[in-house]
Amino acid sequence: MKQLELLYEGKAKQVYATDDSERIIVRFKDTATAYNNLKKAVIANKGLLNNDISAMLYRHLEAAGICTHFIEKLNERDQLCRRVSIIPIEVIVRNIVAGTMAQRLGMEEGTRPSNTIIDLCYKRDDLGDPLINDDHAVALGLVTYGELKGIYATTRRINEALTALFDRVGITLVDFKIEYGRTSGGGIILADELSPDTCRLWDKQTGEKLDKDRFRRDLGKIIEAYGEIDRRLKRLEEEF
Ligand code: 5GP
């Protein structure tokens with residue numbers, strides 16, 4: 001597998017073409033951003049941890065029967081993935097109220113609602129990733145109603161699989177953001193990363209935040225928190 005030209009550079013990742021038109025290399029950078037790019041930093045080794053954590057979570061989802069873009073981890077910073085065209089919708093799953101939902105609805109962070117909430121946001125930095133509903137997503141031409149039905153069903157299965165996995169390592173999966181992509185054959189599969197940058201993860205015993213909120217809220221010990229998630233998942237993976 002030969003790495004070719006840079007196709008795309010985002011806030012936390014680079015995507016390279018390969019000599020196989022159906023495969024790309026995703027490189028995890030050490031940069032962190034928050035609040036629509038207003039806050040930026042370089043956090044040494046964050047990319048290595050996110051690559052490792054994302055690979056473990058993707059392997060787990062594949063084993064649970066979810067179709068994803070992930071093929072294999074290549075080295076400390078890179079993973080090989082299927083090439084997709086990302087659908088510009090952030091699908092956010094909330095098991096516990098936190099972040100923008102707490103702010104927007106005046107709810108206390110940590111409240112556990114009786115239902116699981118799935119938000120859709122239009123992935124547009126210039127608009128601040130606005131919250132949208134199904135009708136908006138269809139009106140924007142991003143997806144059909146039928147595709148949304150499939151996306152919601154898969155998202156619920158992903159939430160069940162990840163919630164159970166994190167539960168086994170003493171972590172509450174508070175919320176997370178995922179993205180889907182279209183393959184050249186037209187199928188819709190899970191894409192992008194799954195890491196403490198894209199999930200809220202709270203230690204079940206202490207309530208300690210082990211995710212990007214440590215950066216967003218200046219709580220310090222970011223790498224220690226990401227390292228803790230990596231260690232716990234690795235220990236579990238080694239048991240099997
Ligand atoms: P909130 O809407 O509360 O800011 O975020 C909800 C969940 O989705 C959190 O786990 C957060 O990390 C994730 N999330 C939402 N938007 C983004 C985004 O633009 N980038 C990343 N990396 N995660 C996001």
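In this predicted model, helix α4 and helix α6 (residues 222–238) cross at roughly 95°, and their axes come within 9 Å. An angle of 65 to 115 degrees counts as roughly perpendicular, so α4 and α6 are roughly perpendicular to each other. On the α4 side, the contact is made by L165, F166 and R168. They meet I229, L233 and L236 in α6. By class, this contact has five nonpolar residues, one charged and no polar.

Helix α4 (residues 145–168) also packs against helix α1 (residues 46–63). The angle here is about 120°, and the axes lie 10 Å apart. The two helices, α1 and α4, are therefore oblique to each other. The crossing of α1 past α4 is right-handed. From α1, the residues in contact are L57, H60 and L61. Their partners in α4 are I158, A161, L162, L165 and F166. Seven residues of the contact of α1 with α4 are nonpolar, one is polar and none is charged.

The remaining pair to describe is α1 with α6. Their axes are 10 Å apart and the packing angle is about 35°. Here α1 passes α6 in a left-handed crossing. K46, L49, N50, D52, I53, M56, L57 and R59 represent α1 in the contact. The α6 side consists of I223, Y226, G227, I229, D230, L233, K234 and E237. This contact of α1 with α6 divides into eight nonpolar, two polar and six charged residues.

Next comes the ligand site. The ligand is surrounded by 15 residues. The closest are R94, T100, D175, R200 and R216.

| Residue | Side-chain atom | Ligand atom | Distance |
|---|---|---|---|
| R94 | N or O | oxygen | 2.8 Å |
| D175 | polar | oxygen | 2.6 Å |
| R216 | N or O | oxygen | 2.8 Å |

A polar contact requires N or O atoms within 3.5 Å. D175 places a polar side-chain atom 2.6 Å from a ligand oxygen. For R94, the side-chain N or O atom is 2.8 Å from an oxygen atom of the ligand. R216 likewise has a side-chain N or O atom 2.8 Å from a ligand oxygen.

Conventions:
Residues numbered from 1 in each chain as written. Predicted model: local features only at pLDDT ≥ 70, side-chain atom pairs only at ≥ 80, totals over all residues. Heavy atoms only, no water. Axes fitted to C-alpha atoms, helices over the stretch in contact; angles between N-to-C directions. Helix = DSSP H or I, 4+ residues; strand = E, 2+ residues; numbered from the N terminus. Parallel < 35°, antiparallel > 145°, perpendicular 65-115°, else oblique. Left-handed = near helix turned anticlockwise from the far one by under 90°. Contact = heavy atoms within 4.5 Å. Nonpolar A, V, L, I, M, F, W, Y, C, P; charged D, E, K, R; others polar. Near = heavy atom within 4 Å. Polar contact = N/O pair within 3.5 Å; in protein donor to acceptor, adjacent residues only side chain to side chain.
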